Amino acid sequence: MDTVTLIDNGGASFHGPDAVNVYRLAALISGLKLEMKGLRMSRHISALAVAKRETGLKTNKRELHIARLEIMLENAKRAVLYVNERTEVVQRYQASGKMEG
């Protein structure tokens, strides 16, 4: 099963395609929020263009893409195990946003 290893200094290590997908969706949501403030995530392709391709929505309203991506992120988080590096406790993400041991 794919895992996210939580490191004591605040970092994280993503292992497996589902775990990388969690990171990618979170980064895309952050990129859309930056674009709403007038900043760019990349020189080449906008976060909005990537979000349109990912969500299948054709609208330019970033708020709608963010809402759809957050739902996708919640579902992706449930497919990944979270491991604390120091304590080696394995947890699973719950729908309430809390971890279950």
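A residue counts as buried when its relative accessible area is under 20%. Thr-3 has a relative accessibility of 18%, so Thr-3 is classed as buried. The values reported here come from a predicted model.

The chain contains 3 helices and 5 strands. Read from the N terminus, these elements follow the order β-β-α-α-α-β-β-β. Along the principal axes, the C-alpha atoms fill a box of roughly 45 × 25 × 20 Å. The chain has 101 residues, and 27% of them are buried. Among contacts with a separation of 6 or more, 39% are between residues 24 or more positions apart.

Thr-3 belongs to strand S1, which covers residues 3–6. Neighbours within four places in sequence were set aside for its contacts.

With residues up to four places away in sequence left out, Ser-13 is in contact with Thr-3, Val-4, Thr-5 and Ile-7. A separation of 27 Å was computed between the C-alpha atoms of Ser-13 and His-44. These two residues are 31 residues apart along the chain.

The helices were examined next. Helix H1 spans residues 17–36, and helix H2 spans residues 47–55. H1 and H2 pack at an angle of about 135°, and their axes are 9 Å apart. Because of this angle, H1 is oblique to H2. Their crossing is left-handed. On the H1 side, the contact involves Arg-24, Leu-25, Leu-28, Gly-31, Leu-32 and Glu-35. H2 contributes Ala-47, Leu-48, Val-50, Ala-51 and Glu-54. By type, the residues of this contact are 7 nonpolar, 1 polar and 3 charged.

H2 also packs against helix H3, which runs over residues 62–77. Here the angle is about 55°, with the axes 10 Å apart. H2 is therefore oblique to H3. The crossing of H2 and H3 is left-handed. From H2, the contact draws on Leu-48, Ala-51, Lys-52, Glu-54 and Thr-55. From H3, the residues are Arg-62, His-65, Arg-68, Leu-69 and Met-72. This contact comprises 4 nonpolar, 2 polar and 4 charged residues.

Leu-48, Ala-51 and Glu-54 of H2 take part in the contact with H1, and these residues also take part in the contact with H3.

How values were computed:
Residues numbered from 1 in each chain as written. Predicted model: local features only at pLDDT ≥ 70, side-chain atom pairs only at ≥ 80, totals over all residues. Heavy atoms only, no water. Axes fitted to C-alpha atoms, helices over the stretch in contact; angles between N-to-C directions. Helix = DSSP H or I, 4+ residues; strand = E, 2+ residues; numbered from the N terminus. Parallel < 35°, antiparallel > 145°, perpendicular 65-115°, else oblique. Left-handed = near helix turned anticlockwise from the far one by under 90°. Contact = heavy atoms within 4.5 Å. Nonpolar A, V, L, I, M, F, W, Y, C, P; charged D, E, K, R; others polar. Buried < 20%, exposed > 50% of the residue type's maximum accessible area, 1.4 Å probe, protein only.
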